[in-house]
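Here are some notes to read alongside the structure, written for someone who is meeting such a model for the first time. Please keep the view open while going through the points.

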Amino acid sequence: MNTGKPPDRAAALTAHIPALRGFAKGLTRDASLADDMVQDTLEKAWRNWDQFDPDTELRAWLFTILRNSFLSNLRKDRRIRVGTEDLPQPPLSVAPEHEAALTMRDFQRAFHTLPLHQREALILVGAQGFSYDAAARLCGVAPGTIKSRANRGRQRLARMMAEGTQLPADTPFPT
Amino acid sequence: MEINKNNSDLNALIEDNLKRFFQGNIDEPLPPRFLDLLDQLQQEFDADEKAGE
């Protein structure tokens with residue numbers, strides 16, 4: 001049983017907070033909700049510290065806790081899917097010649113039009129550096145599934161960015 | 001930023017932005033809420049340890 005000395009446990013958790021925030025922001029699109037999720041993750045990790053196997057990767061364990069909490073909350077409150085509080089809004093009146101300015105150049109907005117599973121795969125593999133195998137274990141799917149989701153996500157992003165896809169400001173974020 | 005439609009440029013741009021937005025910035029100061037929480041949990045842990053003595 002791993003009890004851990006408090007200073008070591010706190011230091012170990014603190015070191016992973018930036019990465020957890022990055023993951024959460026990609027899942028929720030809502031920065032405030034993302035930090036709520038991270039805080040919840042830290043508390044769960046602390047209180048269940050004896051369940052962590054020190055021979056495994058702490059980061060993966062923490063990401064699993066956060067992911068499971070997110071999915072659990074998603075089932076309870078479908079409103080979580082749509083986080084528009086920090087969504088950049090286009091100007092209220094735009095001359096026709098400036099409509100091109102509303103095209104899809106905002107990477108974050110493009111990213112959040114992707115289905116949840118594609119966003120998750122891209123964050124884990126593309127942003128956080130997990131291997132396909134590690135990301136697959138975290139998500140409970142086969143490595144080939146993660147690879148497929150990441151590739152489809154990249155293809156959709158590349159297509160939107162190349163074509164300058166225009167989205168209305170109230171475009172919902174599908175999950 | 002002018003987006004070059006070349007595939008390798010787009011792919012590089014995508015990978016750069018994934019890291020930029022979702023990797024987590026270790027140089028960004030942490031909001032106090034996280035460290036406050038860990039302090040609180042540590043105090044509870046210390047109190048439980050002491051109570052068990």
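1. A term is needed before the points on helix packing: a crossing is called right-handed if the near helix is turned clockwise from the far one by less than a right angle, and left-handed if the near helix is turned anticlockwise.

2. Please bear in mind that this is a predicted model, with an ipTM of 0.85 and a pTM of 0.80. For chain B the average pLDDT is 86, and 89% of the residues reach a score of at least 70. Where pLDDT is low, the predicted coordinates should not be read in detail.

3. Chain A contains 8 helices and 0 strands, so that its pattern along the sequence reads α-α-α-α-α-α-α-α. Of the 175 residues in chain A, 48% are buried, and among the contacts between residues at least 6 apart in sequence, 71% join residues that are at least 24 apart.

4. How do two of these helices pack? In chain A, helix 4 (residues 58-76) and helix 6 (residues 116-127) meet at an angle of about 165°, and their axes lie 14 Å apart. Because angles over 145 degrees count as roughly antiparallel, helix 4 of chain A is roughly antiparallel to helix 6 of chain A. The crossing of helix 4 and helix 6 of chain A is right-handed.

5. On the side of helix 4 of chain A, the contact is made by F63(A), R67(A), F70(A), L71(A) and L74(A), while helix 6 of chain A contributes L116(A), E120(A) and L124(A).

Conventions:
Residues are numbered from 1 along each chain as its sequence is written. Chains are lettered from A and ligands numbered from 1 in the order in which they are written. This is a predicted model: local features need pLDDT of at least 70, side-chain atom pairs count only at pLDDT 80 or more; totals for chains, interfaces and linings use all residues. Side-chain values use heavy atoms; hydrogens and water are left out. pLDDT is the predictor's confidence in each residue, from 0 to 100. Axes are lines fitted to C-alpha atoms, for helices over the stretch in contact, and angles run from 0 to 180 degrees between N-to-C directions. Helices (H or I, at least four residues) and strands (E, at least two) are DSSP runs, numbered from the N terminus. Angles under 35 degrees count as roughly parallel, over 145 as roughly antiparallel, 65 to 115 as roughly perpendicular and the rest as oblique. Contact means heavy atoms within 4.5 Å. Buried means under 20% relative accessible area, exposed over 50%, partly exposed in between (1.4 Å probe, protein chains only).
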